[in-house]
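My entries follow in the order I looked things up.

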Amino acid sequence: MDLGISGRWAVVCAASKGLGKGCASALAQEGVNLVINARGLEALEETATFLRSLNPAIEVRCVAGDISDENVRQALLTQCPQVDILVNNAGGPPPGDFRDWTREDWLSAVETNMLTPIELIKATVDGMAERGFGRVVNITSSAVKAPIDILGLSNGARSGLTGFVAGLARQARLAERNVTINNLLPGSFDTDRLQNTLERSAQSTGKPVADIVQQRLQTIPARRFGTADEFGAVCAFLCSQHASYMTGQNVLLDGGHYQGTF
Ligand code: NAP
């Protein structure tokens, strides 16, 4: 299927590894020009080289820096001739017990996982509406639908973003101008972040990592972790011309882990 977005421009945040890289790769294969971001310059440039190798016809630009920094966001927007597609992403907040979290911990989670995507949406959606095409995909978490107790900072900050987006996506001045805003909710995807989480669990329980992996897989009907490429493919579909009538949705990708009809 031709997704009908060849020649468009996308900003993909936090894209040197993992799910962000998966989204950038899928968009690259569809002929979308990219401005990608991550804090570490070396991995970011390696990813840019990889993306150009996937599709030599596209342009790929890099902006290194923390996406929660206003200057970095401005640099991303400046590098992009016009933002047709915005993929919001960042590292997730650390796990822990809410009794140990300070106000600063909360502010940091809210800044990175709620206010940063909102600022980027604010800077881009009206231009998208004027041009009659726009796609925003926010990478959130399955924890928005089924909270994970030790990820309270993530549950809270991402739910704030989700509630805000639910209202904004339904504004007629965006929806009637072919601007859609949707959230992708990853369950367990095989990325560095997942590996770190599994290793931390192994350390805290004293069990081998392989046992922790097996335990986790038993809770996933697909009996495997997802891949960044399959995550990216769904992101690219949401960004396609075919997904114009789909907005304000929370799309769960979890191999069947969530036990619910809706
Ligand atoms: P990952 O493999 O660790 O990759 C994270 C990427 O984001 C890297 O490119 C990293 O590069 C970049 N990054 C992190 N913090 C950044 C920041 N403040 N500014 C700019 N770039 C930043 O993680 P992932 O598994 O792809 O996860 C992506 C998001 O999905 C996270 O929010 C995570 O919590 C969420 N999620 C993941 C899973 C899963 O199973 N993988 C499940 C639920 C939710 P630098 O470190 O160089 O900046």
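I began with a term: a polar contact is a pair of N or O atoms within 3.5 Å; within protein, one must be able to donate a hydrogen and the other to accept it, and residues adjacent in sequence count only if both atoms are side-chain atoms.

I noted that this is a predicted model, where local features need pLDDT of at least 70, side-chain atom pairs count only at pLDDT 80 or more, and totals for chains, interfaces and linings use all residues. Residues are numbered from 1 along each chain as its sequence is written, and side-chain values use heavy atoms, with hydrogens and water left out.

**Entry: N113**

I looked up N113 and found its side chain 3.3 Å from the backbone oxygen of G91. N113 sits in helix 4. Helices (H or I, at least four residues) and strands (E, at least two) are DSSP runs, numbered from the N terminus. Is N113 buried or exposed? It counts as buried, because its relative accessibility is 6%. I used these classes: buried is under 20% relative accessible area, exposed over 50%, partly exposed in between (1.4 Å probe, protein chains only). Leaving out residues up to four places away in sequence, N113 touches A90, G91, G92, P93, A157, R158 and L161. Contact here means heavy atoms within 4.5 Å.

**Entry: L107**

L107 is also placed in helix 4, which covers residues 103-131. With a relative accessible area of 45%, L107 is partly exposed. I checked its C-alpha distance to A157: 9.2 Å, across 50 residues of sequence.

**Entry: T162**

T162 lies in helix 5, residues 152-168. It counts as buried, at 11% relative accessibility. Beyond residues up to four places away in sequence, T162 touches T140, V144, N183 and N250.

**Entry: the cores**

Next I turned to nonpolar cores: sets of buried Ala, Val, Leu, Ile, Met, Phe, Trp, Tyr and Cys residues joined through side-chain atoms within 4.5 Å. How many residues has the largest one? It has 34, and V12, L27, L34, I36 and I85 have the most contacts inside it. Elements that give it two or more residues include strand 1 (9-12), strand 2 (33-38), strand 4 (85-88) and helix 9 (228-238). Helix 1 gives the most, with 6 residues. A second, separate core has 27 residues, including I67, L77, C80 and V83.

**Entry: A10**

A10 lies in strand 1. At 0% relative accessibility, A10 counts as buried. Not counting residues up to four places away, A10 touches L27, V32, N33, L34, V35 and I85.

**Entry: the ligand**

Which residues come nearest to the ligand? Of the 27 around it, they are S16, R39, A90, F189 and T191. A residue is near if one of its heavy atoms lies within 4 Å. A polar side-chain atom of T191 lies at 2.5 Å, and one of R39 at 2.7 Å. For K17, a backbone N or O atom lies at 3.0 Å. Taken alone, the ligand exposes 890 Å², and the protein buries 89% of that. These areas come from the Shrake-Rupley method with a 1.4 Å probe; for residues, only the protein chains shown count as cover. Helix 1, strand 2 and helix 7 (192-205) each give two or more residues to the shell.
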